[in-house]
Amino acid sequence: MLAYGSAADIVDEYVRIGESTSIECLQRFVQGVNVVFEAEYLRKPNNTNVEHLLQMGESRGFPGMLGSIDCMHWEWKNCPVAWKGQFCRGDHGSNNDINVLNQSNMFNDILEGHAPNVQYTINGTPYNMGYYLADGIYPEWATFVKTISMPQGEKKKLFGQHQESARKDVERAFGVLQSRFAIIRGPARAWHMDTLKHTIYACIILQNMIVEDERQTYGGNFDYSYDNVDDNNSTTETFSGPHQNLATRLQRRASIREKQVHRQLQGDLVEYIWKRFGHVDDEI
């Protein structure tokens, strides 16, 4: 049912249990996966993981990059009528990336002062906040690096190629997740939100298990052992102090949404990627 998205009344013949029992078994299975493995396979990156991510970003031409961000939709077929449309905003009428971002807790750690403090320098400009690669729909925040629409000049074209190439990782991750667990590719037939949550979390946990098990068989020449992390280029420190006051929280929120920093970072990355890869591409 997880892998093929089969309905419960399809598997009742060969498993020799009724439809309601199949549904109950699935619900208990996904709950068990969450209880047993969530702490290991659904946790936030620790300092070692962050250093590893920074090293991978540096190898691809993006110092200070923590990853890519995107949105995957899972339609709820049995959503109660009274709840339908409550997450739509204005005439746009959908849970698009911006609406999801406004409801996400991804940046709560930064606001609360618990996020890693990433220090790095690009094109002579120092920065102290990690960023994520994003597509054009996301806002101009200091934590996002977007591509350049209709780039003019070889430098911006090269930057766009590298940014879009690296950002494809998150789209591939969603594609592989949906191909392995077809239950989240079609409309969800569950009746309760807790069941939906446990199901999607279980699929992600199992996907992370598969990635960990097959990591050594992946192609590419990147070293996945943590032995080559360069502490001179980037340092991280996790802050876990007391809850900050409202003024500090608002200051952090303003720093995340700083458009000038976003544009400065994008410009510095354009120059950095051109200096590092421009001549190589010319030779090819």
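Let's start with the sheet: in this predicted model, three strands line up in the order E1-E4-E5, forming an open sheet with parallel pairing. Strand E1 (65-68) and strand E5 (144-146) sit at the edges with a single partner strand each, so each has one side left without a neighbour in the sheet. Ignoring direction, neighbouring strands here are turned by 30° against each other on average.

Zoom in on one of those pairings. E1 and strand E4 (residues 131-134) run in the parallel sense and are joined over three bridges. If you want a spot to look at, find Gly-67, which stands opposite Tyr-132 in E4.

Now bring in a helix. H6 packs on this sheet and touches E1, E4 and E5, with its direction making about 95° with that of E4. Helix H6 (residues 154-180) also has a helical partner: its axis and that of helix H7 (residues 193-214) come within 10 Å and cross at roughly 105°. Angles from 65 to 115 degrees count as roughly perpendicular, and H6 and H7 are therefore roughly perpendicular to each other.

Who does the touching? On the H6 side the residues are Val-176, Leu-177 and Arg-180, and they meet Cys-203, Ile-204, Gln-207, Ile-210 and Glu-214 in H7. Sorted by class, that contact between H6 and H7 has five nonpolar residues, one polar and two charged.

On to the rings. Rings count as a pair if their centres lie within 6.5 Å, and by this rule there are six aromatic pairs. One of them joins Phe-37 and Tyr-41: the ring centres are 6.4 Å apart and the planes are at 65°, so this pair is edge-to-face. Phe-37 has 34% relative accessibility, so it counts as partly exposed.

Then there's the pair of Tyr-120 and Tyr-127. Their ring centres are 5.6 Å apart and the planes are at 20°, so this one is stacked. Are these two buried or exposed? Tyr-120 has 4% relative accessibility and so counts as buried, and Tyr-127, at 9%, counts as buried too. Tyr-120 and Tyr-127 also form one aromatic cluster with Tyr-131.

Definitions and conventions. Residues are numbered from 1 along each chain as its sequence is written. This is a predicted model: local features need pLDDT of at least 70, side-chain atom pairs count only at pLDDT 80 or more; totals for chains, interfaces and linings use all residues. Side-chain values use heavy atoms; hydrogens and water are left out. Axes are lines fitted to C-alpha atoms, for helices over the stretch in contact, and angles run from 0 to 180 degrees between N-to-C directions. Helices (H or I, at least four residues) and strands (E, at least two) are DSSP runs, numbered from the N terminus. Angles under 35 degrees count as roughly parallel, over 145 as roughly antiparallel, 65 to 115 as roughly perpendicular and the rest as oblique. Contact means heavy atoms within 4.5 Å. Ala, Val, Leu, Ile, Met, Phe, Trp, Tyr, Cys and Pro count as nonpolar, Asp, Glu, Lys and Arg as charged, and the others, Gly among them, as polar. Rings of Phe, Tyr and Trp (its six-membered ring) pair if their centres lie within 6.5 Å; planes under 30 degrees apart count as stacked, over 60 as edge-to-face and the rest as tilted. Buried means under 20% relative accessible area, exposed over 50%, partly exposed in between (1.4 Å probe, protein chains only). Two strands pair if DSSP finds at least two bridges between them.
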